[in-house]
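Here are my notes on the model, as numbered points. Please read them with the structure open beside you.

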Amino acid sequence: MKKLLPLLLAGALLLGVSACGGSGSNATPAPAASSPAGGETDYSSMKVGVLLPGSPTDGGYCQQGADGVRAIEAKYGCQISIIDSVTTAEDARAEAENMAAEGYTAVFGQGGQFAEYFREVAQDYPDTWFITNGGAVTGDNQFPMCMSTEEGGYVCGVLAAKLSESGTLGTIVSGDYPSFTKPSVGYSVGAKSVNPDATIKFAVLSASNSNESYETLKNQIQSGADVFFPNADEGNNGAVKAVSEADGVYSFGVFGDYISGAPDKVLGNMMVDAPGAYVAAFDAIVSGEATGDIMFLGMKDGIISFQWNEDLKATLPEDAVSAVEQTIEDIKAGKIDIPNEYDIGETGIDMYFN
């Protein structure tokens with residue numbers, strides 16, 4: 001069972017993952033489901049909905065939300081609804097209220113912007129859980145779910161600093177809000193845990209564009225960076241292409257498998273199991289463990305992971321490989337403190353890059 005941690009502080013609207021649930025009372029079990037003759041609980045009468053800001057087939061963020069509720073459906077057999085292209089506060093509140101009025105057990109919002117949209121509706125429908133993928137609004141029947149992607153970035157930063165010949169690393173992002181930049185912050189913090197004097201070059205792209213990613217990475221290579229952490233959605237392909245064309249430089253795959261595209265250049269992938277996070281939240285709610293606090297899910301929960309390029313791993317110094325493995329174990333054990341989006345929302349990102 002995934003543990004729900006207390007709300008540390010309020011923050012700006014953020015992105016993360018979502019969950020699904022039952023009663024509106026704090027830590028109260030979900031409405032009882034009927035038991036079939038075999039004695040197993042029947043969840044088929046429960047309804048779960050998700051509101052997406054874009055298309056459920058975008059191959060990225062919105063599809064993660066759609067796949068999340070499908071994973072819940074696959075495990076529990078409950079009914080699901082997927083509402084796409086919800087971009088205004090008025091539409092979000094209306095759709096959420098319609099679902100709640102129809103007796104939905106939970107309504108997800110795929111994006112921190114839904115946190116404020118749900119706040120008023122949640123107060124009027126205490127028997128429905130409202131869960132957002134990120135955000136900072138909590139309540140008796142509302143909470144955000146937070147995937148700790150900064151942990152994966154930290155692991156990559158440790159390996160990057162171990163391998164860098166120049167002491168200069170690079171990272172790009174296609175958005176500048178804290179929950180988007182936190183993996184890159186983790187990358188910087190991890191690298192500086194190995195080499196406090198490391199230089200971390202950082203750039204925010206104007207869009208998730210492969211051409212811009214390619215040119216930005218080329219500029220960072222020309223300025224001396226030799227290991228890269230591109231977090232730019234579809235722009236990652238352009239970043240990996242730039243690395244593949246240069247000698248003596250390496251990259252990580254971020255939120256996807258990029259090893260096959262550049263097997264001699266991609267050291268490993270930082271992966272996230274978004275559907276698994278949705279299921280974890282549903283598990284917490286139906287078991288009565290949901291408390292209305294921020295739900296953090298990371299490496300210890302199996303939601304964030306590092307996937308080696310096994311061929312390249314075999315060529316790396318033993319101390320670099322062992323450092324990565326030990327870092328992963330230390331993160332799972334809670335021995336390493338890495339800034340999350342709520343921390344970054346308070347401090348900003350300037351202190352992490354140079």
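1. In helix α1, the residues Cys62, Gly65, Ala66, Gly68, Val69, Ile72 and Tyr76 are buried; buried means under 20% relative accessible area, exposed over 50%, and partly exposed in between, with a 1.4 Å probe and protein chains only. Viewed down the axis of α1, these buried residues fall within an arc of 150°, so they line one face of the helix. The arc is taken from the directions from the helix axis to the C-beta atoms. An α-helix has 3.6 residues a turn, so residues three or four places apart point the same way. Ala74 and Lys75, on the other side of α1, are exposed.

2. This is a predicted model, in which local features need pLDDT of at least 70 and side-chain atom pairs count only at pLDDT 80 or more, while totals for chains, interfaces and linings use all residues. Residues are numbered from 1 along each chain as its sequence is written, and side-chain values use heavy atoms, with hydrogens and water left out.

3. Helix α1 covers residues 61–76. Its 16 residues reach 23 Å from the first C-alpha to the last, close to the 22 Å expected at 1.5 Å a residue; the expected span is 1.5 Å times one less than the number of residues. Just after α1, Gly77 has a positive phi of about 75°.

4. What do the buried residues of α1 pack against? They pack against β1 (47–51), β2 (79–83), β3 (106–109) and α8 (274–286). Contact means heavy atoms within 4.5 Å. Helices (H or I, at least four residues) and strands (E, at least two) are DSSP runs, numbered from the N terminus.

5. Phe114, Ala115, Tyr117, Phe118, Val121 and Ala122 are buried in α3. Down the axis of α3, its buried residues fall within an arc of 145°, so they line one face of the helix. Glu120, Gln123 and Asp124 are exposed on the face turned away from that buried side. The cover over the buried residues of α3 includes β1, α2 (89–101), β3, β4 (129–132) and β5 (142–147).

6. The largest nonpolar core has 69 residues, of which Leu159, Phe252 and Phe306 touch the most other members. Such a core is a set of buried Ala, Val, Leu, Ile, Met, Phe, Trp, Tyr and Cys residues joined through side-chain atoms within 4.5 Å. Helix α8 gives the largest share of this core, 10 residues.

7. Of its 354 residues, 54% count as buried.
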